[in-house]
Amino acid sequence: MSDAPEKRGKPTTVLIVVDPSGSAERLEAELGEAARVLRDGGTVAFPTETVYGLGGNALDRRAVARIFAAKGRPQDNPLIVHIADMGALGSIASSVSPGARALADRFWPGPLTLILPKSDAIPDEVTAGLDSVAVRMPSHPVAAALIRAAGVPVAAPSANISGRPSPTSAEHVWHDMAGRIDMLVDGGSADIGVESTVIDMTCSPPMILRPGGITLEEIREVIPETVVLTGGEGLDGPAKSPGLRHRHYSPEAQMWLVIGEWDAQVDEIKSRAAAGVRLGRRVGLLVSTETAAKLCTWIRDCGGEGPAGEIIVAEIGSRNDASQVASGLFDGMRRLDAAEVDMMLAESYDARGMGLAIMNRLMRAAGGRIIRVQGEAGNDLISEKSIE
Ligand code: TXA
Ligand code: MG
């Protein structure tokens, strides 16, 4: 940043740092320049409570095109439109059903995205030609203040290069996007760590297309008949949500996901890691605190076994606290990539509550490299066909 890259003809990304605990008025003032960039059709990455988003004016086709270009995102994958108050919903959706209204009342602002019939004001580029639109009101104070200051609805996918793990810190965004976007607002880490729950409210019963920050159980408290998309349609044929067709959340190194009883998982991770080390590989382990503790002595012994091999551990939180694991998941994948591992082995989790979103992201990151060991949980929701 400091050596004025624009002088060498490269686009510059301006970095600004804000304190998310400041008052709403102060934040809006600090974000004045970022809001101007948005109004002028530029791209601004900013924190939300789930992951960092890459924003552009949702009413401006050129801004939307810049988002797609910066991410290398396939044109057929529509964007979520972010708003800061309920009043904005009327200009984005052509109708809001009582069920959608009830979910918005209960969970907004927060990590829930509603798929609603699209209004004519939203350009086709945002929705990839669909007649529905995804809308969400984020709760993160920086996101809320930025949208409010901009005075326009903000289209924002996750601020990663398409297909890579979503960014949960400004450093992650900088790594992927420096020089490709106009501005990055660093407002600290995105706490939830997995993206919003996407629920299709244009069908009956409502269908969760992507599990996320609001759990299935919480949504069923409002709409008990809610279903979750399962089935293989996301990988090839026509997908309910176009984003499901594409590779997602993938670290650079190939990841293997071990599913089954915890003890059996740990044994499997040990033997696969040992085999990798014997072959001279750098093996990354994406594991819980408890598993890391179990493996600690063994790794010290085994790590010296191979001529060039090595085991690198990314500890992502307690098995007993899914919100910790969700929060550390993408960061763990990125840390192992930064350590240039040749392969990753990931532990799996109970698919209830936030565990459903965690398992969805792990299954998609593994892209079919699933190792089933003894005592596999018989949960339909995490069959490898359940991809988003
Ligand atoms: O938490 C989040 O949702 C983050 C933050 C930045 O808000 N955003 C995010 O956006 O994850 P993105 O673009 O990475 O994921 C949006 C998902 C994609 O799977 C996309 O296909 C789906 O929402 N989607 C968007 N519009 C849709 C529509 N009209 N119908 C069905 N699915 C849609
Ligand atoms: Mg994304």
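Which residues have the most contacts inside the largest nonpolar core? They are Leu 114, Leu 286 and Leu 362, and the core has 74 residues. A nonpolar core here is a set of buried Ala, Val, Leu, Ile, Met, Phe, Trp, Tyr and Cys residues joined through side-chain atoms within 4.5 Å. Buried means under 20% relative accessible area, exposed means over 50%, and partly exposed is in between, with a 1.4 Å probe and protein chains only.

Before I go on, this is a predicted model: local features need pLDDT of at least 70, side-chain atom pairs count only at pLDDT 80 or more, and totals for chains, interfaces and linings use all residues. Residues are numbered from 1 along each chain as its sequence is written, chains are lettered from A and ligands numbered from 1 in the order in which they are written, and side-chain values use heavy atoms, with hydrogens and water left out.

Helices (H or I, at least four residues) and strands (E, at least two) are DSSP runs, numbered from the N terminus. Because domain 1 (14-228) and domain 2 (254-387) both give residues to the core, it lies between them; the domain bounds come from an automatic or database assignment. Leaving out residues up to four places away in sequence, Leu 362 touches Met 255, Leu 257, Leu 286, Leu 329, Met 333, Ala 346, Glu 347 and Tyr 349. Contact means heavy atoms within 4.5 Å. Another core, of 22 residues, lies apart from this one, and among its members are Leu 38, Ala 84, Ala 156 and Val 185.

Next, helix α4. Its buried residues are Ala 100, Leu 103, Ala 104 and Phe 107. They sit on the same side of α4, because they cover an arc of only 100 degrees around the axis; the arc is that of the directions from the helix axis to the C-beta atoms. These buried residues pack against β5 (112-117), β9 (197-200) and α8 (216-222). On the face turned away from the buried side are the exposed residues Pro 98 and Asp 105.

In the loop between β4 (80-82) and α4 (98-107) is Gly 90, which counts as exposed at 57% relative accessibility.

Last, the cysteines. The whole structure has zero disulfides, a disulfide being a pair of cysteine sulfur atoms within 2.5 Å. Cys 203 is partly exposed at 23% relative accessibility, and Cys 296 is partly exposed at 45%.
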